[in-house]
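User: I would like to learn how to read the main features of a predicted protein model, one feature at a time. Could you give me the general idea behind each feature and then the case at hand?

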Amino acid sequence: MEKKFKLGVIGAGFMATAIIKGALKASILSPEDVIVSDPNEISLDKMAKNGVCVTQSNLEVASNSEFVLFAIKPQNLSQVLESIKSAHDCKFISIMAGVRKEKIKNYFPLTKIARCMPNTPCAIGSGAVGLDVSDFSDDEDIQFIVKLFDSLASVVMVNEDKLNAVTGVSGSAPAYFYLFLKGIIDAGVQNGLTEEQAKVLATSTMIGAGKMVLNNDDKSLDELINAVCSKGGTTIEAVKVYENERLSNITLNAINACVKRATELEKL
């Protein structure tokens, strides 16, 4: 049975808004292709400004959409699944952290489910997404799901068992970079710069350094580090401190803690 909407979205929060706006901007979807549900009328009013259809009924979304995107908090999943259990012929996409496909298949055992882990920079079209589409075999379905996220992020294809690692490396990583950036800005202020001066210098450098990595595939990270360091110069002194304080070990321990928590959430 042909569905009225190409994409139905359950949840009208930050990430749902980012995905819908990205898809509309890239012309992957038109507003009439999308329906969104949420219990919050204010959130729906904001979403309606994008020209999409809105409703408070999850079942209306699931019954009338070819693909249904779960953009909700994991603790609300059981309630949402109960509300749509009479829907048929759905293909699901989940952006919920710590929720394995099998939990959804307890309600919909025959459905195909794609799982992905986006991050907050998706909201400005500069995100990163780990995506599992292993349930799908139809090329048209796979291409639609990939394009949906490719419009706002760099997409890396992984199997579901790698998504917790994606959570640690990119899903949660904006917070790590903000924390590191805050330390650099604070140090700049302590050394005489204004906060705004330090913020512009440090943030622009972080963005530029990331682009240097992506645009120099022929160079390793060690080579890029050495290109900034000169013997007896200034950079090497800072790098020595990071090495002595074992920055790499601190980073590894932090990401391992994040991945461990993601694994624990899957078991709840």
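Analyst: Let us begin with strand pairing: two strands pair if DSSP finds at least two bridges between them, and strands themselves are DSSP runs of E of at least two residues, while helices are runs of H or I of at least four residues, both numbered from the N terminus. In β8, the bridge partner of Ala 128 is Ser 154, and β7 and β8 pair in the parallel sense over five bridges. Please keep in mind that this is a predicted model, in which local features need pLDDT of at least 70 and side-chain atom pairs count only at pLDDT 80 or more, whereas totals for chains, interfaces and linings use all residues. Residues are numbered from 1 along each chain as its sequence is written, and side-chain values use heavy atoms, with hydrogens and water left out.

User: In which sense do β6 and β7 pair?

Analyst: Strand β6, residues 112-117, and strand β7, residues 127-132, pair in the antiparallel sense over three bridges. Within this pairing, Gly 130 of β7 is the bridge partner of Met 117, and Cys 116 stands opposite Leu 131 in β7. As a general point, the side chains of a regular strand alternate between the two faces of the sheet.

User: What is the order of the strands in the open sheet, and which strands are at its edges?

Analyst: The open sheet has eight strands in the order β3-β2-β1-β4-β5-β6-β7-β8, with mixed pairing. Its edge strands are β3 (53-55) and β8 (153-157), each of which pairs on one side only. From one strand to the next the twist averages 25 degrees, where axes are lines fitted to C-alpha atoms, for helices over the stretch in contact, and angles run from 0 to 180 degrees between N-to-C directions.

User: Which strands does helix α6 touch as it packs on the sheet?

Analyst: Here contact means heavy atoms within 4.5 Å. Helix α6, residues 139-150, packs on the sheet by touching β1 (5-10), β4 (65-70), β5 (91-94), β6, β7 and β8, and its direction makes about 140 degrees with that of β8. Helix α2, residues 41-48, also packs on the sheet, touching β2 (34-37) and β3, with its direction at about 175 degrees to that of β3.

User: How should I read burial, and how many residues of β7 are buried?

Analyst: A residue is buried under 20% relative accessible area, exposed over 50%, and partly exposed in between, using a 1.4 Å probe and protein chains only. By that reading β7 is mostly covered, with five of its six residues buried, while for the protein as a whole buried residues make up 37% of the 268 residues.

User: Where is Ser 27 found, and what is its phi?

Analyst: Ser 27 is found in the loop between α1 and β2, and its phi is positive, at about 60 degrees, although Ser 27 is not a glycine. Ser 27 is exposed, with a relative accessible area of 62%.

User: How is a pocket defined, and what is the volume of the second largest pocket?

Analyst: On a 1 Å grid over the protein atoms alone, a pocket is an open set of points with protein on both sides within 12 Å along at least five of seven lines, unlike a cavity, where a 1.4 Å probe fits but cannot get out; lining residues have an atom within 4 Å of a point. Grid points are joined across faces, edges and corners, and a volume is the space filled by probe spheres set on the points. The second largest pocket has a volume of about 610 Å³ and is lined by 30 residues, of which Gly 11, Ala 71, Ile 72, Lys 73 and Pro 74 lie nearest its centre. The elements giving two or more residues to this lining are α1 (14-25), α4 (77-83) and α7 (163-171).
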